[in-house]
Amino acid sequence: MEMITVPAGEVTLADRRTQRKWTVEVASFLLAPVPVTREPGRLPLVDVSWQDALGFCNTLSEQEGLTPAYRLDSPAWDRTANGYRLPSEAEWEYACRAGTSGPRYGPLDEIAWYRENSAETVHEVGGKAPNAWGLHDMLGNVWEWCWEVYDAEVYGEYRVLKGGGWFDEHWSCRASVRRRSHPTFRVDDVGFRLARSL
């Protein structure tokens, strides 16, 4: 499977709800250039829960002779494993920004499918311009699951989603926007992207 090497660096994350900001060091890692797609065709795999995504990562890892990254019964991430996994929130946002500092890595209509240009439907991956690191659809088309819990004290086990989707307004399609959902939630504008540790 084609993967892009994301260089090491750091990213400052922010939560508008709590007005909190925090900086995270990001080690170099591998990230898929597009979200996971359905076969046949190039449409993103949607209606997939966070738990489904973890199971997919482990199954694909086993098929390729890699060490699975997750324990599924009581979800835990083995950070020493070389198998497929979800990106962390910091990895996702750092990769999305690709060295830029603004809300987006390019003009929105050129890089993303969102409410104003999507005809309110999902589109094939890779149809919009990539960011500087060759990653497509980081904004728009489908929201993408990340590993982290959103805010355990307030939302329990809800997990982080990033990127905005085909039905979202332009303000949701920004690198810093955080959405949350229950790990069993499935809907037609949520998918995921594969990562691997180096």
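Me: Is Arg 115 buried, exposed or partly exposed?

Reply: Arg 115 counts as partly exposed, at 30% relative accessibility. Buried means under 20% relative accessible area, exposed means over 50%, and partly exposed is in between, with a 1.4 Å probe and protein chains only.

Me: Where do these values come from, and how are residues numbered?

Reply: This is a predicted model, where local features need pLDDT of at least 70, side-chain atom pairs count only at pLDDT 80 or more, and totals for chains, interfaces and linings use all residues. Residues are numbered from 1 along each chain as its sequence is written, and side-chain values use heavy atoms, with hydrogens and water left out.

Me: Back to Arg 115. Which side chain does Arg 115 meet in a salt bridge?

Reply: Arg 115 meets Glu 169, at 3.1 Å, N to O. The pair links distant parts of the chain, 54 residues apart: Glu 169 is in the loop between β9 and β10 (178-181), and Arg 115 is in the loop between α3 (108-111) and β8. Glu 169 is partly exposed, with a relative accessible area of 27%.

Me: What counts as a salt bridge, and how many are in the whole structure?

Reply: A side-chain nitrogen of Lys or Arg must lie within 4 Å of a carboxyl oxygen of Asp or Glu. A search of the whole structure finds 12 salt bridges.

Me: What about Glu 91 and Arg 85?

Reply: Their side chains meet in a salt bridge of 2.8 Å, N to O. Glu 91 is buried at 9% relative accessible area, and Arg 85 is buried at 2%.

Me: And how far apart are Glu 93 and Arg 97 in helix α2?

Reply: They are 4 residues apart in α2 (residues 89-97), so about one helical turn separates them.

Me: Which residues of α1 are buried, and what do they pack against?

Reply: Among them are Trp 50, Leu 54, Cys 57 and Leu 60. The buried residues of α1 pack against β5 (70-71), β7 (84-85), β8 (143-149) and β9 (159-162), where contact means heavy atoms within 4.5 Å.

Me: What comes just after α1?

Reply: Gly 65, which takes a positive phi of about 75 degrees.

Notes. Helix = DSSP H or I, 4+ residues; strand = E, 2+ residues; numbered from the N terminus.
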